[in-house]
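Please look through the structure shown below.

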Amino acid sequence: DMTKIVEISEFGGPSVLKITNKNLDKLKPNEVLIQNKSIGLNFIDTYHRSGLYPLPLPSGIGLEAAGEIIEVGSEVKLFNIGDRVSHASMPIGAYAEQQVMPEEKLVKVPKEISYEDAGAITLKGMTCEYLLHRAYKVKKEDVILFHAAAGGVGQIFCQWARAIGCTLIGTVGSEEKIKIAKQNGCDHVINYSTQDFAKEVIEITNGKGVDAVYDGVGLKTFEKSLEAIKIRGMFLSFGNASGMVEKIDVKKHLAPKAIFLTRPSVMPYTAIRSDLELSAERLFRIMKEGKIKIDIAHKYSLDEAQKSHEDLHARKLLGPAILIP
């Protein structure tokens with residue numbers, strides 16, 4: 001049985017994404033075969049494609065999808081044929097009509113949540129879960145700063161932070177994104193391409209700085225984020241959309257204010273099955289309560305994989321996007 005997949009055989013720009021038809025390997029005892037219904041488009045996919053996070057080639061691409069189990073291996077215990085599932089982890093290869101996955105990487109999707117929403121939110125939503133509840137436990141009385149508040153992760157993060165009740169300052173890169181950030185729950189929004197966000201933050205917090213900075217942007221925001229943080233505050237560096245922070249100077253960057261720094265990502269926060277289940281359960285519960293609404297910005301076909309990456313780089317997407325096989 002041939003299945004359509006997107007594959008890379010070299011690292012580079014969006015043009016290295018190629019459509020191919022392949023026979024999938026026979027299921028191992030602990031694996032299931034999923035008919036993908038909705039595939040998440042994530043910034044990490046561009047790191048895999050470009051070689052920033054190198055993969056053995058040739059390789060599929062994509063870490064997130066939601067779909068229906070159509071076949072199970074001989075020893076599968078957690079799931080049955082017909083179950084609605086999603087995932088946001090290795091093994092890589094979600095840009096595909098069908099995908100083989102080890103059962104322990106999957107979570108059940110409640111029937112109240114559509115495949116499209118599940119495919120758009122599993123990775124971004126579990127990212128927000130560990131950022132708000134585990135890497136740093138946000139309290140109602142906290143003031144926090146989140147960069148790129150109008151992006152795919154940002155929109156979910158802002159809504160979840162609003163549900164917690166903390167004070168949220170968001171930064172965005174353009175005027176049109178200010179409204180999006182406000183609608184999703186930012187109390188204050190700063191355009192960091194025209195304003196000095198550190199200066200604005202210090203003003204908003206009456207000179208104190210924020211309890212925590214959430215930075216998925218990286219190089220461009222690193223130094224100013226340190227300025228914006230309070231004494232003994234927490235710096236959560238969870239991405240590098242503008243490039244990697246190459247060197248951290250402990251004496252210069254952390255010592256003056258005794259700053260806590262963590263570099264969390266979804267893998268270590270969902271590596272243990274019980275953590276994965278906890279994270280997904282929290283996410284799907286808050287969605288069912290209606291406190292997080294997904295506004296899918298764009299739906300691409302698998303054939304439009306190249307275009308989806310071009311749009312991602314051009315910062316054209318005002319929210320989460322998916323590929324529909």
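R232 is placed in strand β13; helices (H or I, at least four residues) and strands (E, at least two) are DSSP runs, numbered from the N terminus. The model is a predicted one, in which local features need pLDDT of at least 70 and side-chain atom pairs count only at pLDDT 80 or more, while totals for chains, interfaces and linings use all residues. Residues are numbered from 1 along each chain as its sequence is written, and side-chain values use heavy atoms, with hydrogens and water left out.

R232 has a phi near 60°, which is a positive value in a residue other than glycine. With a relative accessible area of 58%, R232 is exposed. Here buried stands for under 20% relative accessible area, exposed for over 50%, and partly exposed for what is in between (1.4 Å probe, protein chains only). N206 sits in the loop between α5 (197-204) and β12, and its relative accessibility of 73% makes N206 exposed.

Strand β13 leads on to the sheet. In which order do the six strands of the open sheet stand? The order is β11-β10-β9-β12-β13-β14, with parallel pairing. Two strands count as paired if DSSP finds at least two bridges between them. Strands of a sheet pair through backbone hydrogen bonds, either parallel or antiparallel. At the edges stand β11 (188-191) and β14 (260-262); each has a single partner strand, so one side of each has no neighbour in the sheet. On average, neighbouring strands of this sheet are turned by 15° against each other, direction ignored.

Two of the pairings can be followed in detail. Three bridges link β13 and β14 in the parallel sense, and M234 is found opposite F260 in β14. β9 and β10 also run parallel and are joined by four bridges; V143 has T167 in β10 as its bridge partner. Of the six residues of β10, five are buried, which leaves this strand mostly covered.

Helices lie across the sheet. α3 lies across β9, β10 and β12 and runs at about 170° to β9. α5 lies across β9, β10, β11 and β12, and runs at about 160° to β11. Such angles run from 0 to 180 degrees between N-to-C directions, and the axes are lines fitted to C-alpha atoms, for helices over the stretch in contact. Contact means heavy atoms within 4.5 Å.

α3 also packs against α4. Two packed helices are described by the angle between their axes and the distance between the axes. For α3 and α4 the angle is about 35° and the axes are 8 Å apart. On the α3 side the contact is made by Q155, C158, Q159 and R162, and on the α4 side by I180, K182, Q183 and N184. Sorted by class, this contact has two nonpolar, four polar and two charged residues. In that sorting Ala, Val, Leu, Ile, Met, Phe, Trp, Tyr, Cys and Pro count as nonpolar, Asp, Glu, Lys and Arg as charged, and the others, Gly among them, as polar.

A nonpolar core is a set of buried Ala, Val, Leu, Ile, Met, Phe, Trp, Tyr and Cys residues joined through side-chain atoms within 4.5 Å. Which members of the largest core touch the most other members? They are L132, I144, F157 and Y214, out of 52 residues. Elements that each supply at least two residues of this core include α2 (115-135), β9 (143-146) and α3 (152-164). The largest share, eleven residues, comes from α2. Beyond its neighbours within four places in sequence, F157 is in contact with C128, L131, L132, I144, F146, L168 and Y214. A second, separate core has 18 residues, among them L17, L55, I61 and A65.

How many disulfides does a search of the whole structure find? It finds zero, a disulfide being a pair of cysteine sulfur atoms within 2.5 Å. The sulfur of C158 has its closest cysteine sulfur in C186, at 3.6 Å, which is too far for a bond. C158 counts as buried, at 0% relative accessibility, and C186 also counts as buried, at 7%.

Two cis peptide bonds remain to be pointed out. One runs from L57 to P58, with omega near -10°, and P58 lies in the loop between α1 (43-50) and β4 (59-60). Another joins M90 and P91, with omega about -5°; P91 has its place in the loop between β6 (84-88) and β7 (98-102).
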